[in-house]
Amino acid sequence: MSTHTPHPLDDPAADPFAIAADAAADIARLTGVESHDIALTLGSGWGRAAELIGETVASIPATEVTGFSKPALEGHAGTLRSVRTPGGKHVLVIGARTHYYEGHGVRRVVHSVRTAAATGARTMVLTNGAGGIRETWTPGQPVLISDHINLTADSPLEGATFIDLTDLYSSRLRDIARTVDPSLDEGVYCQFRGPHYETPAEVQMAKTIGGHLVGMSTALESIAARQAGMEVLGFSLVTNLAAGIQKTPLSHEEVIEAGREAEPVISSLLARVIGEL
Ligand code: 8IG
């Protein structure tokens, strides 16, 4: 007999926003923090930022919060933290991203973003590890996301919900980030489905259609954040040059290693940017 409990977001009749509201209530109860101002999703390589942003008020396993899935991948710590910045803002740090390639559907992918909005957060900071297409970029380099191309052929919006995506990656917030590090470059992020990396031909396609970064997250989350009325700031860590741009095959170990090396630098950058928001 199966002891498997059905996931609330898998019921097509369920309202994903009501489930996000339940999750936000869980977070308020478990952290003791009534509402949050900013939410931050930590991708590959960005994991150390949480400690630098401020004082951790509470840290809770994501599995204790309604609708969150177990992390599929090591290195994606399944915790939610409430961090208080020196300026007194409450930051919800999401170390529990659900990827599209896990195959549980887009509702689960964007649940953390909808939950963040339901906790009160008006700013969504999304970070990821990505492949770089620009030849001038080197592994370990952080890049601002200026726009995206969603190649998943899916959307978090259901039904006839038409949402404008102009300036999705807020130019106002990108300007703030550049006050912290004027050398920050920016580029267009292409979300592929994964989990395979691209072929060199697919990377050339991404380049031709205007992409500069390739990855497996962020675009769907960003759309959900806009739908929820949040302002979005996006960062990619170039952990590798995309297939065919770099001459050697891509390995997951290489990606993890580049993230580990860059982590102290980019985490402090991120913490300083968050302090300015
Ligand atoms: I880290 O080269 C990381 N994630 N699709 N391609 C895609 N995702 C990635 C890559 C990459 N590097």
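Which residue's side chain does a polar contact of 2.6 Å join to the side chain of Asn-150? The partner is Thr-152, and the contact is side chain to side chain. The model is predicted.

**Asn-150 in strand β6**

- Asn-150 belongs to strand β6.
- Besides the 2.6 Å polar contact with the side chain of Thr-152, the side chain of Asn-150 reaches the backbone oxygen of Asp-154 at 2.9 Å.
- When neighbours within four places in sequence are set aside, the contacts of Asn-150 are Gln-191, Ala-219, Leu-220 and Ile-223.
- Tyr-189 is 39 residues from Asn-150 in sequence, and their C-alpha atoms are 8.3 Å apart in space.

**Helix α3**

- Helix α3 runs over residues 106–118 and has 13 residues.
- From first C-alpha to last, α3 reaches 18 Å, close to the 18 Å expected at 1.5 Å a residue.
- A kink of about 35 degrees is centred on Ser-112.
- Twelve of the 13 residues of α3 are buried, so the helix is largely enclosed by the rest of the structure.
- The buried residues include Arg-107, Arg-108, His-111 and Arg-114, and also Val-106, Val-109, Val-110 and Val-113.
- Ser-112, where the kink is centred, is itself among the buried residues.
- Cover for the buried residues comes from elements including the helices α1 (16–31) and α6 (219–227), together with the strands β1 (38–41), β4 (90–95) and β5 (123–132).
- Just after α3, Gly-120 has a positive phi of about 110 degrees.

**Arg-108 within α3**

- Arg-108 is located in helix α3.
- The relative accessible area of Arg-108 is 11%, so this residue is buried.
- Not counting residues up to four places away in sequence, Arg-108 touches His-7, Leu-9, Asp-10, Ser-69 and Thr-98.

**Ligand shell**

- The residues around the ligand are Gly-129, Ala-130, Gly-131, Tyr-197, Glu-198, Val-214, Gly-215, Met-216, Thr-239, Asn-240, Leu-250 and Val-255.
- A nitrogen atom of the ligand is 2.4 Å from an N or O atom in the side chain of Glu-198.
- A polar side-chain atom of Asn-240 is 2.8 Å from a ligand nitrogen.
- The ligand taken alone exposes 320 Å², and the protein buries 95% of that.
- Two or more residues of the shell are given by each of β5, β8 (213–215) and β9 (231–241).
- The largest share of the shell, three residues, comes from β5; β5 is also one of the elements covering the buried residues of α3.

**Glu-202 in helix α5**

- Glu-202 lies in helix α5.
- A relative accessible area of 30% makes Glu-202 partly exposed.
- A polar atom of the Glu-202 side chain lies 2.9 Å from the backbone nitrogen of Thr-199.
- Glu-202 and Ala-243 are 41 residues apart along the chain, with 8.7 Å between their C-alpha atoms.

**Backbone features in loops**

- The peptide bond joining Gly-194 and Pro-195 is cis, with omega about -5 degrees.
- Pro-195 sits in the loop between β7 (185–191) and α5 (200–208).
- Asp-167 is a residue other than glycine with a positive phi, near 55 degrees.
- The loop between β6 (141–150) and α4 (171–180) holds Asp-167, which is partly exposed at a relative accessible area of 40%.
- Thr-218 is not a glycine either, yet has a positive phi of about 75 degrees.
- Thr-218 is in the loop between β8 and α6, and is buried, with a relative accessible area of 0%.

Technical notes: Residues are numbered from 1 along each chain as its sequence is written. This is a predicted model: local features need pLDDT of at least 70, side-chain atom pairs count only at pLDDT 80 or more; totals for chains, interfaces and linings use all residues. Side-chain values use heavy atoms; hydrogens and water are left out. Helices (H or I, at least four residues) and strands (E, at least two) are DSSP runs, numbered from the N terminus. The expected span of a helix is 1.5 Å times one less than its number of residues. The bend at a residue is the angle between axes fitted to the seven residues ending there and the seven starting there. Buried means under 20% relative accessible area, exposed over 50%, partly exposed in between (1.4 Å probe, protein chains only). Contact means heavy atoms within 4.5 Å. A residue is near a molecule or strand if one of its heavy atoms lies within 4 Å of it. A polar contact is a pair of N or O atoms within 3.5 Å; within protein, one must be able to donate a hydrogen and the other to accept it, and residues adjacent in sequence count only if both atoms are side-chain atoms. Accessible areas come from the Shrake-Rupley method with a 1.4 Å probe; for residues, only the protein chains shown count as cover.
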